[in-house]
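Hi,

Here is the model I promised to pass on.

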Amino acid sequence: MVSSNCSFDSQSGYGQMQKGAANRLLCLGWRQELQVAYLFIIPGWSGWPLAGRITAGVCASTWSAFTVMYASMFPQGETSKAMGQISAMTVAGQLTGMAFSAPLADGFGWNTAFLAGVGAAVIGIPFALSIPETPIAAKRMPRLSPSLFRGVVRQRTLVRASVLSVMAHAMLFISMFGFTPLKAQDLGADGWLLTGIVFSFMIPHALASLLAGGVLSNKFGEWRLLRAGFGLGAITTALVAFSPSLIWLAATQAVNGFMQGLLFPLLLSLAIREAPISERATAMGFYQAVYAMGMFAGPFVAGWMNDQWGINSGFWLGGAVGIFAAALTYYWSSSRRQNVEQTCS
């Protein structure tokens, strides 16, 4: 899934803006989602679920089209607000899927949850076609070329946001999307208790995503929020290893969910901040392709560590990644402030 996501991201993001066909690319994502659901339903061969995961990677790569298209509907100075809103809606969709998939599977069988995904895709396609697209005049669009790509990756803020996003996604996929549910099961959670642990993370996560791009970033500043998100997120990720009960675990998840929720809209906003409107899709494709490495590497290394030293070691790794990311944000924000001061003087 991650490899298919990486290989398709930059091409899909650029192509939808270049050809003025963002709506068609969104529909491609929904059609891929239909195929994913059907591939998981087909019985008789273990390769079908693998094919479903690969197709899901292609489907996920079209998310860059959503973000660029949504940001284009806001004034140039409100990118943080746009990214905060779309991040909150993304988390709301994840939470809804988590909330309904388990009851559907338990009550009506595993295939029911995937059939619900088919229904969601069928509903989503006409909505995607009806979205008004903000076209970019062809004369303003540069042709896709190595020089264009080199120019995009030379954007310092984009590269820094991408590196930090690798670490943010490593933390997320080590913790809630990785081994936190297993830790909850070790502490005795099952059924609705396990769902409650997930909700204790996801609800603050959605709230923070909504607030980060507007109220909080205006009051505290983006880089300061990033330091807080990585630092406190790292501490609460490591504290999962020392959780003596489900109540303690839920408390760590509430704080961790909020702190990690601050990160993603801010990093999204930084990723396209320096890019001209005509290059935003390429910048977003690069950003998404890079952070996909964190989605893979984080749980992969943590899983190996868990096999060697027990499940708690993976959370220590997540904490260490977060501390390193917080140190990077401090260094980069300090150097940025020094550059601004030198320019002003």
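With which side chain does the side chain of Thr 157 make a polar contact? The partner is the side chain of Glu 274, at 2.5 Å (a polar contact being a pair of N or O atoms within 3.5 Å; within protein, one must be able to donate a hydrogen and the other to accept it, and residues adjacent in sequence count only if both atoms are side-chain atoms).

Before the rest: this is a predicted model, where local features need pLDDT of at least 70, side-chain atom pairs count only at pLDDT 80 or more, and totals for chains, interfaces and linings use all residues. Residues are numbered from 1 along each chain as its sequence is written, and side-chain values use heavy atoms, with hydrogens and water left out.

Thr 157 sits in helix α8 (helices are DSSP runs of H or I, at least four residues, numbered from the N terminus). Thr 157 is buried, at 17% relative accessible area (buried is under 20%, exposed over 50%, partly exposed in between; 1.4 Å probe, protein chains only).

Now the inside. The largest nonpolar core has 55 residues, and Leu 164, Phe 230, Leu 267 and Tyr 287 touch the most other members (a core is a set of buried Ala, Val, Leu, Ile, Met, Phe, Trp, Tyr and Cys residues joined through side-chain atoms within 4.5 Å). Elements giving two or more residues to this core include α8 and α10. Apart from it there is another core, of 13 residues, with Ala 189 and Ile 311 among them.

As for Ile 235, that residue is in helix α10 and is partly exposed, at 44%.

Cheers
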